[in-house]
Structure formats: structure tokens, C-alpha cells
2 protein chains.
Amino acid sequence: MTPEAFRSAGHALIDWIADYRAQVADRPVRAQVAPGDIRRQMAATPPDAPIAFDELLTALERVVVPGVTQVQHPMHFGWFPSNAALSAVLGDIACSGLGTLGISWESCPALTEVEEAVCDWMRQLAGLSDAWQGTIHDTASTACLTSLLVARERRSEYSEFAGGLQMLDRPLTVYASDQAHSSVVKAALLAGFGHDNLRLVASDPATRALSPDALEQAIEADLAAGRVPAAVVASLGTTGVTAFDPLPDIVRIAQRHDCWTHVDAAMAGSAMLLPECRPLFDGIEGADAISWNPHKWIGTILDTSLFYVRDPLTLNRVMSTNPSYLQSAEDGDVTQYRDWGIPLGRRFRALKLWFQLALDGPEAIRARLRRDLDNARWLEREVAQATHWRVVAPRTLQTVCIRHEPPGIAGEDLDRHTLAWLRRVNRSGRAFLSPAQLDGRWFVRVSIGVESTTRAHVERLWRILRDSAEEAQ
Amino acid sequence: MTPEAFRSAGHALIDWIADYRAQVADRPVRAQVAPGDIRRQMAATPPDAPIAFDELLTALERVVVPGVTQVQHPMHFGWFPSNAALSAVLGDIACSGLGTLGISWESCPALTEVEEAVCDWMRQLAGLSDAWQGTIHDTASTACLTSLLVARERRSEYSEFAGGLQMLDRPLTVYASDQAHSSVVKAALLAGFGHDNLRLVASDPATRALSPDALEQAIEADLAAGRVPAAVVASLGTTGVTAFDPLPDIVRIAQRHDCWTHVDAAMAGSAMLLPECRPLFDGIEGADAISWNPHKWIGTILDTSLFYVRDPLTLNRVMSTNPSYLQSAEDGDVTQYRDWGIPLGRRFRALKLWFQLALDGPEAIRARLRRDLDNARWLEREVAQATHWRVVAPRTLQTVCIRHEPPGIAGEDLDRHTLAWLRRVNRSGRAFLSPAQLDGRWFVRVSIGVESTTRAHVERLWRILRDSAEEAQ
């Protein structure tokens with residue numbers, strides 16, 4: 001495609017996106033399709049002759065859009081916010097348009113140095129000391145795996161360069177709360193520790209935060225059995241109920257046992273931008289690694305997962321490759337981000353953060369986060385005051401965990417009731433929420449934080465929830 | 001940012017990109033900056049107040065562009081092609097603009113089902129049987145790590161769900177050619193096998209392809225020592241000299257020893273689109289996994305790395321997570337791509353492939369690949385006929401490996417000569433190539449395949465190379 005053909009198609013696409021975003025609230029939130037509906041509309045064989053751009057745009061509208069669950073919809077309250085701020089979209093377009101290649105500093109010096117700069121800006125905005133250096137991973141899953149690989153190597157005297165993890169005499173162990181995200185479990189298993197060496201330590205029944213006493217006991221038991229504690233993952237803002245593990249206690253325990261501390265603040269890390277929330281992160285300077293996804297609440301678009309470490313040399317030692325075909329005269333004087341994670345090739349993702357910070361400004365981002373917290377506080381009060389409704393876990397940030405508990409319904413009947421009214425809401429397309437389990441019982445997470453969600457939307461949601469749950473009575 | 005502000009800024013950005021791409025040949029190929037030059041132009045502290053889009057575009061032009069090594073430049077012959085076809089850029093823009101979230105089928109049914117469809121289209125174009133099912137990873141590094149993790153679990157009776165790799169009695173071993181890409185070594189080390197259990201088997205001195213006899217001997221030696229062969233990585237198109245490991249032999253040996261075969265065809269996989277090149281891939285149906293990057297030669301933009309497996313259930317078993325907060329009524333009836341790789345969240349990357357195939361059409365892509373092969377054949381002949389020049393390894397596809405060998409210069413002197421003339425070329429900004437080593441000696445890789453590179457550019461390159469190397473005599 002020539003630059004001129006791109007210019008013409010690009011303008012049409014920009015208009016399409018602007019219209020799409022302006023009208024997102026008119027669409028059903030949850031995709032109203034059944035499994036296979038989209039696939040059936042795609043040709044079974046590859047295109048043979050080129051089609052005009054208008055035709056493709058029509059297919060995008062007709063085939064793809066009905067199959068999109070609208071996470072940018074103001075009535076989307078599912079999972080965690082996955083905002084795609086249009087300022088960051090512009091940065092992503094610049095990344096695509098430039099068509100750069102990140103495999104070494106030499107392959108695009110700007111990609112490396114702008115990433116260094118914006119990671120440092122985000123560090124400052126988060127109130128982290130200058131002991132931290134950052135990079136951008138795709139997701140917190142990858143960041144957690146990277147972090148546990150470093151922990152594994154650090155505690156096994158760099159077994160990767162010898163017999164590997166499989167040659168250790170004494171098994172390494174990993175610790176996290178039983179509320180830790182599934183990606184933490186996945187990372188520990190993929191890193192080769194094995195499920196038997198992963199301790200999902202009991203959380204406090206009231207706060208759902210990891211219990212330091214339980215952590216200490218688990219570590220002591222492993223030490224007594226001849227095992228080697230290697231890493232603790234502290235969850236700041238769990239996926240279920242946004243619980244904050246007690247970081248000062250965890251860091252103290254981890255340091256005493258020479259464990260690596262990884263902080264998983266994938267969603268909640270954005271709250272570091274608010275001074276009033278910053279105490280939730282006390283103790284973070286004692287950790288070894290932090291992952292935080294601006295692509296969630298802040299809205300820098302997938303895939304923008306910040307990963308900070310205090311000791312890049314240890315990270316680089318584990319991740320480094322230096323084949324002849326990637327060497328250049330500047331090696332040694334520059335950052336080689338290929339040694340900060342798993343992939344060799346990287347996109348110019350820093351442009352998304354740069355564009356968003358430059359075009360929206362940090363103050364507007366902070367104001368929006370505060371609006372969301374305020375809306376969550378409002379909903380929490382409403383639910384707490386409503387008859388037969390309950391807030392099932394303390395609200396810390398923008399997620400309110402609720403259940404409708406009509407008299408005489410408990411146990412599995414209550415689960416059926418919860419899932420039934422939730423399904424009615426989601427299927428209606430008027431709002432979307434996702435459930436989770438606590439102590440084996442389903443509840444509903446109201447995760448507030450879409451860029452376009454105002455108080456009026458939260459009020460409307462509350463009416464919808466009441467109607468849906470109470471009508472069944 | 002409102003949709004209307006986005007519309008206005010987006011149009012300006014599209015024009016900027018179209019102009020940028022139209023003028024890319026006027027810029028120096030290699031970024032003419034020193035370490036720190038870009039960083040110094042970035043503010044030390046984050047933006048405090050929003051700036052206008054025009055101002056940001058000016059900063060992009062002033063700060064970023066001089067720091068870009070122009071891999072879209074027709075005189076770029078470095079590493080491997082990293083094309084960013086403007087048709088695929090449009091697909092990437094659609095992905096960003098839609099702002100979808102891929103964490104489960106439910107979070108965006110279209111993302112999942114379009115990915116299924118286009119991976120199947122690419123399978124058909126590559127002439128692979130319908131026994132293969134595909135997904136899109138970010139890079140071949142990640143695909144290789146994923147593949148070796150599956151190999152590890154398959155051969156350790158799924159140790160991840162028990163004591164992990166660290167509890168095995170008999171170590172697992174991995175095999176690849178000594179010409180395998182650095183990401184293969186990295187993947188084996190990160191997967192925990194350990195360097196002592198990785199065999200970089202000798203390649204044939206003439207072809208640089210893995211020697212089946214050496215592979216067989218290495219496996220037999222490990223078996224005799226009580227070790228358990230787990231995986232063989234076959235490189236189809238090595239990074240150094242584009243050698244093709246003998247896949248039929250490798251598959252036969254691997255299958256006899258119940259080893260997993262991973263095919264790393266990151267760059268060369270694109271040649272599967274050409275019937276005349278397809279015999280190079282004979283034996284591929286006997287492999288277990290294939291990785292192939294359309295973001296290289298074909299130009300689907302980073303990050304578009306196809307990963308095909310014959311047995312998704314084994315892959316899913318190793319990678320699966322199913323926490324309560326991601327469950328939905330459709331589970332079991334749909335593909336959950338989170339169980340096909342490491343990250344949970346994924347972008348709508350399939351749009352890049354769809355847009356490129358629909359707008360350019362496979363025939364135009366094939367014609368371009370053939371043009372590049374023809375240009376490589378031309379250069380190979382020229383070099384082979386020129387006095388004191390040598391083609392140092394057989395040319396298989398679009399990379400020609402060359403050295404200027406003036407009389408009386410050998411050993412380290414020859415290395416110094418090679419790196420000196422190469423540096424002169426690269427620093428001039430007129431063309432860019434990257435070196436590599438073979439038998440401990442430097443040579444220069446001429447990797448042809450940028451979308452805009454015509455015969456005239458290759459002819460010009462050859463004049464530049466002769467001038468640069470021979471002037472030093």
C-alpha cells in the first residue's frame with residue numbers, strides 16, 4: 001500500500017473510530033453473540049484478491065463490532081477497567097506508523113531512550129524513589145513470570161548457567177496470598193517451582209489480605225523441612241476484592257529469609273498517583289520488583305505493563321543474550337531492553353504513555369481516578385444501607401463487592417440466585433459486571449473506572465441491579 | 001480526550017505518517033545519534049500541564065525521528081526485514097481504536113474468533129495441513145519459550161502440578177543446532193533446563209545446517225548417561241546464514257526418542273507462501289510446534305508471531321488458568337487464548353493480518369517475496385564473481401552472507417577490516433547492514449527484503465560496499 005493510499009484510508013479509519021467511540025454508549029455492553037457466530041461470518045479460505053478499504057471497513061462494522069464486549073462503555077463494570085484513552089490511542093498509532101524495530105539500542109535509539117524517560121516519569125508520578133528503574137512489558141502475567149525467574153536464579157546461584165532448576169538438591173519455594181491473581185500461580189508453575197512448592201498462604205478472613213503470621217509459619221515450616229524460600233509475591237489490590245497485602249510486614253519477613261519480593265499492583269498501582277492513596281503502598285521501597293498496568297485504570301491501552309526493579313544487573317544477568325548479530329559499538333554504554341524481559345523484539349510502546357501524559361496531563365488523570373473512587377464510595381453506602389444487600393468485603397479502591405441476600409436463601413441456592421440475576425443484567429446488554437468467589441460462594445464485583453462512567457451511570461447501574469435481583473423474589 | 005479532539009488530532013497524525021513514509025528514503029538509514037542524545041532531549045520530569053497536539057507532533061519529529069534507525073528504508077539490509085506494511089498499520093490502528101480487551105472469549109468474542117480465522121488462513125497459505133491450529137504471540141522468543149515449557153511438562157509427567165522441574169530424578173535435555181537463534185538458548189535457560197542440559201549440536205561446516213548424525217549421537221550419549229531427551233528445536237532459516245536444518249531427519253530422530261519438535265521458522269516461514277520454496281519445509285507435518293513471524297519479511301508489523309501446534313490440549317493443559325473471575329457460561333464451547341501462551345490480556349492483533357491480506361492480497365505479497373529472492377540471487381552472483389569477495393555460506397533465501405578478503409589479510413586483521421568497512425557504511429547513513437560471526441570470524445549479512453527495496457537499491461548497495469571495502473586497500 002502506498003503512502004497516498006494509506007493517507008486516504010487512514011482518514012476514513014480515523015473518522016470511523018471517532019464515530020465509534022462517540023456512539024459506544026448506544027451499543028449493548030456485552031457482545032450479543034453465541035460461540036461461533038463471528039467465525040461463521042469470516043470466509044473459510046484466505047482472501048484471494050484485494051478489496052477496497054471501504055469494503056473492509058464495512059466488514060469490520062458488520063462482523064467484528066457485534067462481537068465486541070464494550071469495555072469502553074460507561075455501563076461496563078466487569079473485571080477491571082481496561083480503558084483505551086484516545087490520547088494513548090494516538091501514541092499507539094504513531095508507534096505503528098513509525099514502524100520501528102526494538103531489538104537493540106542501535107535498532108532504534110529513540111525507542112530505548114524514550115522508554116527510559118517515560119518509565120522514569122511514571123516512577124516520579126507514583127512517588128517511588130530513584131532507586132527504581134523501569135521497562136514496559138506486555139502484561140502483568142509476563143512481568144510476574146520474569147520476576148519469579150529472577151528470584152529463582154538469584155536463590156539457586158544462577159542454576160540456569162549450570163544444571164538448571166532440575167539439578168537442585170533442596171527445592172525452592174514461593175509464597176503468595178490465597179487471593180493472588182491466577183497469573184501468579186501460572187508464573188510459579190511455568191518457572192518450574194512446581195505446585196507442591198507454591199504456598200498460597202491464608203488471607204485474613206476480614207480483610208482478605210495476606211496474614212503475615214501465616215506467611216512466617218509457612219516459611220519456617222519449609223526451612224525446617226530443608227526447603228529454600230525464594231520469593232514472596234505481595235498483591236496490592238487483589239482481583240477478587242482489591243485487598244492490600246501488608247507490605248511492610250511482608251518485606252520484613254522476606255528480607256529476613258533472603259527472599260525476593262515481587263509486588264503485583266497490576267490494577268491498583270495507578271492509585272499511587274493519588275497522595276491520599278499512597279499510604280496503601282507503604283513499604284514498597286523494600287520490595288525488589290513492582291508490576292503495574294497503566295493499561296487498566298489509567299487507560300494507556302493494552303499492552304502497557306510497567307515493570308520496575310531496584311537491581312537491573314541481576315535482572316539482566318538472568319535475561320541477557322548477546323549474539324554476534326546483535327552487537328554494536330555502543331554496547332556497554334546503553335540500555336538493552338532485550339535483557340529486561342522475555343521477548344527480543346519490542347514495539348515503541350513508550351509513545352502511548354508519552355502521548356497520554358502530554359495530551360491529558362497528570363492532573364486530569366488524577367481527577368478521574370478521584371471521581372471513580374467517589375462513585376465507588378457512593379455505591380458502597382447505597383448497598384450497605386439497602387435491605388437484603390451486603391458489601392461482602394471492605395472496599396479499598398474503585399471495586400465494590402456485593403451480594404443480594406434475600407431472607408431464607410443460602411448456600412448453593414444463594415449462588416444460583418446470584419448468578420441468575422447477574423446473567424439477566426449481562427444478557428440485557430444494559431450493563432456488564434463479572435462475578436467472583438469468596439469462601440466458595442459467588443458474589444458480584446462492581447468495578448468502577450471506565451473513562452466515560454459518571455455518577456449518573458453508577459446510579460443507573462444500582463437501579464438495574466436492584467430491579468434484576470429483587471424481581472426474582 | 002473527546003472523540004472530536006481525537007478526530008482532529010488523528011487526521012493530522014495520519015498525514016504526518018503518510019508524509020513520513022513517503023520521505024523515509026531521504027533520511028539516513030542508521031540513527032545518527034550517540035548514546036544519551038535522545039534522553040537528554042526528554043524532560044527530566046513528567047509533563048505537568050497538557051500540551052496541544054501540534055506541539056507533541058513537533059516533538060515527535062524533533063526528538064524521536066533522528067533517533068530512529070529506519071528499518072523501512074529501502075537501503076536497510078540489517079538483521080532481518082522488519083516491514084510495517086501500511087495495510088497492516090491500518091489493522092493495528094483499528095485494534096487501538098476499538099480498545100478491546102482479550103482475557104476470555106466473553107471479553108471480546110470477535111477477538112478470539114477472528115484470530116482463529118486468520119490463523120487458519122495463514123495456515124492454508126503456508127500449505128500446512130488442517131492438523132495445525134494457531135494463535136498469535138508477540139515474538140518468536142515467547143513462542144519458543146512456550147513450546148519448550150510444553151515439552152518440559154509433557155516429558156516430566158506434568159511436574160508443574162507436583163514438585164516441579166526441580167524434583168526430577170533424571171534431568172531433561174534439549175537439542176538445537178549451534179546456529180540456533182539466541183532466543184532458543186534463552187528459552188531453554190528460562191524454562192529451567194540449565195545450560196548443562198542444552199546441547200548445541202554441531203552444524204555441517206558446508207551448509208551450517210544441523211547434522212543429524214551429531215544429533216543422534218548427542219541423544220544416545222544422554223540416554224546412556226540416564227538423562228531424558230525432551231525437545232529438539234529445528235531452525236528453518238538460521239539468523240546467521242539462513243541455513244535450514246534437515247527436518248525429515250530431525251523429526252524421525254525426535255519421534256523415535258519421544259521428543260517434542262519445535263520448528264523455529266521466524267523469518268523464513270514466510271517462504272512457505274511460495275510453492276517453489278515449499279520443499280525447504282518438507283517434514284514439517286511431523287513437528288509438534290511451529291513459530292513464524294509475519295512481522296518480519298511479510299510486514300505485518302511487530303508483534304505478529306504465529307504459533308501453531310498439532311495438539312492444543314497439551315498446550316492448554318500446561319498454560320491453563322480458570323479463576324472464578326474469568327468464568328462464563330460459554331466456557332467449554334469456545335477457545336480461551338489465555339491458555340495458549342503466557343500473558344492473560346491480549347490485543348486484537350489478528351486485525352493486522354486480516355487487513356493486510358484483504359487490502360494487499362496474497363498474490364502481491366508472493367510477488368514481493370519473489371522480487372527479493374531474485375535480488376538476492378543477483379547480488380550473490382555479483383559477489384561471487386568479484387575479485388577478493390566471497391559468499392561465505394550458501395544463500396537459501398533473501399540473505400547473502402559476504403566478506404571482502406583482500407590478499408594477505410587474515411585472522412584478526414580480516415575481522416578488523418570487515419568491521420571497519422562495515423562501520424563506514426553504517427555511519428554514512430547511506431545503507432545499513434549487520435555483521436555476524438561464523439567459525440569465530442566476522443562477516444556481513446546482506447538481508448534483502450524491505451518492502452520498498454528494488455533492484456536499483458541492491459545495485460547501489462553493491463557499489464557502496466565495494467567502494468567502502470576496497471578504498472581501504
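In this predicted model, Glu4(A), Arg7(A), Asp15(B) and Asp19(B) are linked in a network of salt bridges, a salt bridge being a side-chain nitrogen of Lys or Arg within 4 Å of a carboxyl oxygen of Asp or Glu. Over all chains, the structure holds 74 salt bridges. The model being predicted, local features need pLDDT of at least 70 and side-chain atom pairs count only at pLDDT 80 or more, while totals for chains, interfaces and linings use all residues; side-chain values use heavy atoms, with hydrogens and water left out. Residues are numbered from 1 along each chain as its sequence is written, and chains are lettered from A and ligands numbered from 1 in the order in which they are written.

| Asp303(A) | Lys352(A) | 3.2 Å |

Asp303(A) forms its salt bridge with Lys352(A). Because Asp303(A) lies in the loop between strand 7 (289-292) and strand 8 (305-309) of chain A, and Lys352(A) in helix 11 (residues 350-360) of chain A, the pair ties together parts that are 49 residues apart in sequence. Helices (H or I, at least four residues) and strands (E, at least two) are DSSP runs, numbered from the N terminus. Both Asp303(A) and Lys352(A) are buried, where buried means under 20% relative accessible area, exposed over 50%, and partly exposed in between (1.4 Å probe, protein chains only).

In the second pair, Glu363(A) counts as partly exposed at 45% relative accessibility, and Arg370(A) is partly exposed at 30%. Glu4(B) and Arg7(B) are three residues apart in helix 1 (residues 3-22) of chain B, so they are separated by about one helical turn; Glu4(B) is partly exposed, with a relative accessible area of 46%, whereas Arg7(B) is buried at 17%.

Helix 11 of chain A, which carries Lys352(A), has eleven of its eleven residues buried and is therefore largely enclosed by the rest of the structure. These buried residues pack against helix 4 (86-98), helix 5 (109-125), strand 2 (133-137), strand 8 and helix 12 of chain A, together with helix 3 (53-64) of chain B, contact meaning heavy atoms within 4.5 Å. Helix 11 and helix 12 (residues 362-385) of chain A pack at an angle of about 90°, with their axes 6 Å apart. That makes helix 11 of chain A roughly perpendicular to helix 12 of chain A, a label for angles of 65 to 115 degrees; axes are lines fitted to C-alpha atoms, for helices over the stretch in contact, and angles run from 0 to 180 degrees between N-to-C directions. The contact is made by Gln356(A), Leu357(A) and Asp360(A) of helix 11 and by Pro362(A), Ala364(A) and Ile365(A) of helix 12 of chain A. Helix 11 of chain A is followed by Gly361(A), whose phi is positive, near 80°.

Ser96(B) lies in helix 4 (residues 86-98) of chain B and, at 1% relative accessibility, counts as buried. The side chain of Ser96(B) makes a polar contact (a pair of N or O atoms within 3.5 Å; within protein, one must be able to donate a hydrogen and the other to accept it, and residues adjacent in sequence count only if both atoms are side-chain atoms) with the side chain of Asp92(A), at 2.4 Å. Not counting residues up to four places away in sequence, Ser96(B) touches Arg21(A), Ala84(A), Val89(A), Asp92(A) and Arg347(B).

Conventions:
Angles under 35 degrees count as roughly parallel, over 145 as roughly antiparallel, 65 to 115 as roughly perpendicular and the rest as oblique.
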